[in-house]
Amino acid sequence: MSGRDIFTQLVNADDLVDDQFEELAPPPIIQTVSEWAERCIMLSAKDSAEPGPYRAARTPYAIEPMDCLSQHSAVEEVVLMWGAQTGKTRVGSNWLGYLIDTNPGPVMIVQPTIDMAKRYSRQRVAPMLDESPTLRRKVRENRSRDDANTTLLKEFAGGFLAVAGANSAAGLRSMPVRDLFLDEVDGYPLDVDGEGDPCTLAEARQSTFSRRKRLRTSTPTTKDASRIEDSFNAADRCRYQVPCPHCGTRQVLEWGADKPHGVKWDRLPDGQPARESVRYVCAANGCEIREHHKATMLPAGAWVADAPGAQGGRVRSFHLSSLYAPLGWLSWAQLADEWHKAIDKARTGDTSLLRVFINTRLAETFQEQGDKADEHALRRRAEAYPLRTVPHGALVVTAGVDTQGDRLEAYAWAWGRGEESWLVDHVVLYGDPSLPETEPGSPWAALTDWRRLALQHASGAAITITATAVDSGGHHTDMVYRYARRHAGEHVLAVKGSSMPGRAIIAKPTAIEFNHHGKRIRNGGQLWLVGTDTAKGLLYGRMQVQEAGPGYVHTCAALPSYVWEQLTAERVVTRYIKGHARRDWVKPAGRRNEALDCAVYAMAAAWHIGVPRHTDAHWQRYENRLRQADLLGLTLDTPAATMDAVAQSEAADADADQSADAPATARQQQGNPPPPAATQAQADPATHKATPATPQPDSRAQPRPPMRRPKRAGWVTKW
């Protein structure tokens with residue numbers, strides 16, 4: 001037998017003895033995860049830029065979070081809201097190795113998808129098991145037909161390590177586990193296979209274990225829709241403070257784009273950051289800190305909690321940005337370059353790079369600039385025109401109505417050229433909306449009176465609400481249908497919001513009334529779907545316009561303060577539905593949004609009468625009618641005369657267009673006879689003011705077939 005064969009047999013025998021008697025040997029005295037990792041973990045070139053023995057001193061900020069996961073610690077859950085290139089995944093991997101070696105049991109890792117779970121197992125778990133001798137003896141890779149160890153399942157003495165995807169409910173509820181590693185939780189779907197939140201499903205697997213532990217990590221995503229931010233805020237909120245190398249003041253490293261301290265740099269002639277000038281300005285005394293000082297700052301740092309003792313100390317949460325990345329990993333100069341590129345891109349309206357920087361580098365949630373309105377900024381620019389007064393430039397008025405259990409809320413919006421808009425009136429009509437309009441105390445009767453009451457235009461003329469959209473998607477749907485059918489001749493629409501992305505602000509209506517044969521009733525009620533997501537996106541974008549003109553949103557300073565709160569109540573968040581990103585409008589808990597809903601409905605009513613399609617000729621006709629009404633001396637005391645003057649003006653417009661479209665104009669004139677003589681205004685000799693004559697039955701309140709407009713006339717003729 002050769003010397004090589006003898007050596008091979010001795011080595012194999014030694015391995016056999018190790019395997020047979022390892023369980024009988026006393027466990028090594030290891031107190032914490034960080035101590036165990038320094039002793040046993042070997043970093044592989046497959047998953048680390050610095051292969052070799054693990055050194056906790058490279059990332060001193062990771063020591064305390066790791067040690068909270070140690071067996072002797074009373075902490076049950078650790079939350080890491082950390083940026084990229086900070087080592088948060090290494091914290092999880094070290095903990096998993098610690099469990100396999102010193103505290104075996106059933107363990108589960110959850111990644112956002114099954115594909116990511118397989119990738120994590122191959123790129124993180126497998127190299128750690130291969131390169132670390134202590135773990136290599138514990139977990140034997142599958143070298144035969146044995147199914148004990150696969151990509152998604154690693155068995156070892158006393159336990160197993162399962163790797164699952166958050167997009168598979170079967171993988172999350174398949175087995176009980178004692179310890180759970182939830183990685184990148186902000187990438188999890190909202191609902192998995194119709195069974196609920198994947199985090200909740202996975203955590204339910206731990207319910208039978210009293211000594212359970214849980215690690216939750218992620219870079220954050222969108223404001224108010226980030227799982228990791230919610231978990232971080234619910235615990236003690238620790239931040240890593242480091243001393244200034246010059247004055248010794250302890251502080252949290254911050255980016256400083258809008259602060260006097262933080263990362264600063266000089267600019268080159270082309271606007272690019274001068275890399276050699278990048279430094280950190282101390283928050284206390286303005287000391288200039290260079291990046292090489294991190295070598296002494298990081299080891300001297302300490303975690304400081306904003307809410308010490310939260311949740312009884314059972315949950316610890318830690319926030320860390322990429323500014324703390326060790327030397328050689330990610331420099332401040334690289335961050336300055338990334339920020340410069342992101343800001344340049346954002347100026348063109350593309351915020352994708354800015355989102356990535358804020359989420360992954362600063363470890364903060366991103367808030368869409370165009371999808372959230374600033375309540376205080378909108379209120380500060382409110383104007384001093386009185387309520388129920390339509391300012392110059394506004395030429396047509398529409399209304400939106402929201403139905404509640406005990407009231408109706410209505411808002412009137414005026415519109416002008418370029419879809420410039422003014423909020424001109426708001427009323428809350430208390431009463432039981434289940435009462436028909438003809439019953440005493442019905443808010444529907446009050447709504448009719450409010451709609452028909454003329455507003456004062458700045459020119460001196462009277463102007464009335466042209467179209468009204470009433471929400472049918474909430475309370476008292478049937479009463480909304482009845483009211484809209486009764487007042488169809490006044491452009492009262494029953495609407496229902498639809499959050500389908502890309503839906504038109506107002507779409508083709510659907511019939512809602514059928515006879516006993518199942519056939520649609522002629523001239524029966526109709527339901528108009530409103531693309532609420534589209535309308536809110538347009539409205540919020542226009543709230544960002546800073547100069548009066550096309551698209552600008554005007555509000556009245558006389559409105560109650562809650563109107564601005566409700567107008568800006570919602571914001572866009574990105575959610576994952578079955579693994580796919582979806583942007584949804586959400587309302588934070590405790591906020592009301594009736595003003596926003598009514599603004600959307602009023603916009604839908606304006607789109608219904610064609611405001612976005614109006615040309616300058618159409619707007620000129622509106623101005624001519626107001627001018628004519630002013631010359632006739634029509635005021636708020638003469639609503640009937642106002643309608644008569646408008647009808648006469650419409651007839652004159654129709655005559656002017658008759659040569660271009662004679663058949664259509666003839667049909668228009670036949671379908672829109674002038675008001676009865678009994679409704680004409682009469683002069684009151686005592687007051688010298690025009691007062692309406694004895695009211696006659698309002699033919700407009702009866703449903704009638706819709707009338708066609710002349711092709712060249714943009715004015716809606718159904719008053």
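View 1. Helix α12 covers residues 352-361. Its buried residues are Leu-354, Arg-355, Phe-357, Ile-358, Asn-359 and Arg-361. Buried means under 20% relative accessible area, with exposed over 50% and partly exposed in between (1.4 Å probe, protein chains only). Helices (H or I, at least four residues) and strands (E, at least two) are DSSP runs, numbered from the N terminus. This is a predicted model: local features need pLDDT of at least 70, side-chain atom pairs count only at pLDDT 80 or more, and totals for chains, interfaces and linings use all residues. Residues are numbered from 1 along each chain as its sequence is written, and side-chain values use heavy atoms, with hydrogens and water left out.

**View 2. Ser-317 sits in strand β15.** The strand spans residues 315-320. Ser-317 counts as buried because its relative accessibility is 0%. Its contacts (heavy atoms within 4.5 Å) include Val-79, Ser-231, Ala-235 and Cys-238, leaving aside residues up to four places away in sequence. Cys-238 is 79 residues from Ser-317 in sequence, yet their C-alpha atoms are 5.9 Å apart. Phe-232 is also touched. The backbone oxygen of Phe-232 lies 3.0 Å from a polar atom of the Ser-317 side chain.

**View 3. Strands β16, β20 and β21 form an open sheet, in the order β16-β20-β21.** The pairing is mixed. Two strands pair if DSSP finds at least two bridges between them. β16 (389-390) and β21 (462-463) are the edges; each has a single partner strand, so one side of each lacks a neighbour in the sheet. β20 (residues 455-457) and β21 run antiparallel, joined by two bridges. Leu-455 has Ile-463 of β21 as its bridge partner.

Technical notes: Polar contact = N/O pair within 3.5 Å; in protein donor to acceptor, adjacent residues only side chain to side chain.
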